[in-house]
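Have a look at the sequence and the model, then try each task before you read its solution.

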Amino acid sequence: MTTRKLRGMAVAVTAVVALAILASAAGAAAPHKISVDDNFFKPKKVTVDVGDRVTWKWDGYVAHNVTVEKGPQKFKSKTKADGTFSRVIKKAGVYRIVCTLHPGMTMRLTAVKAPPPTTGPTAPPST
Ligand SMILES: [Cu+2]
């Protein structure tokens, strides 16, 4: 392998890393998908940033609902067998979410305050 080729690869890798850092710094709220299945939520535990949108997707055959049993922000979906339900999580804290039809069909959503946008010291070095 030539030195030139290696240098080219190094530049490419650096560019990818820089893009990844930019993407995360932009604070793009990551979408969170939770499967509503027969009879469980998957994943059962999820941690999101306040301001993130969480979407539940019905993947099973029987009807379920998504209901906050206990938590800083109350919401509930209709009981249905397909489709999706989504909410932007606005309050930090722990949400205990259940399907009211199926005892034991529970999940826990933890919402944490998003870190403040980074400024200043992380600016790229001037060369
Ligand atoms: Cu259910």
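**Exercise 1. Find the order of the strands in the open sheet, and say which strands stand at the edges.**

Step 1: the open sheet has four strands, in the order β3-β8-β7-β5, with mixed pairing. Strands here are DSSP runs of E with at least two residues, numbered from the N terminus, and two of them pair if DSSP finds at least two bridges between them.

Step 2: β3 (45-49) and β5 (67-70) each have a single partner strand, so they stand at the edges with one side left without a neighbour in the sheet.

Before going on, note that this is a predicted model, where local features need pLDDT of at least 70, side-chain atom pairs count only at pLDDT 80 or more, and totals for chains, interfaces and linings use all residues. Residues are numbered from 1 along each chain as its sequence is written.

**Exercise 2. Work out in which sense β3 and β8 pair.**

Step 1: strands of a sheet pair through backbone hydrogen bonds, either parallel or antiparallel.

Step 2: β3 and β8 (residues 106-112) are parallel, with five bridges. In one of these strands, β8, Ala-111 is the bridge partner of Val-48.

**Exercise 3. Locate His-102 and decide how exposed it is.**

Step 1: His-102 lies in the loop between β7 (93-98) and β8.

Step 2: Phe-40 is 62 residues away from His-102 in sequence, yet their C-alpha atoms are 8.8 Å apart in space.

Technical notes: Buried ≥ 20, exposed ≤ 12 C-beta atoms within 10 Å, placed from the backbone.
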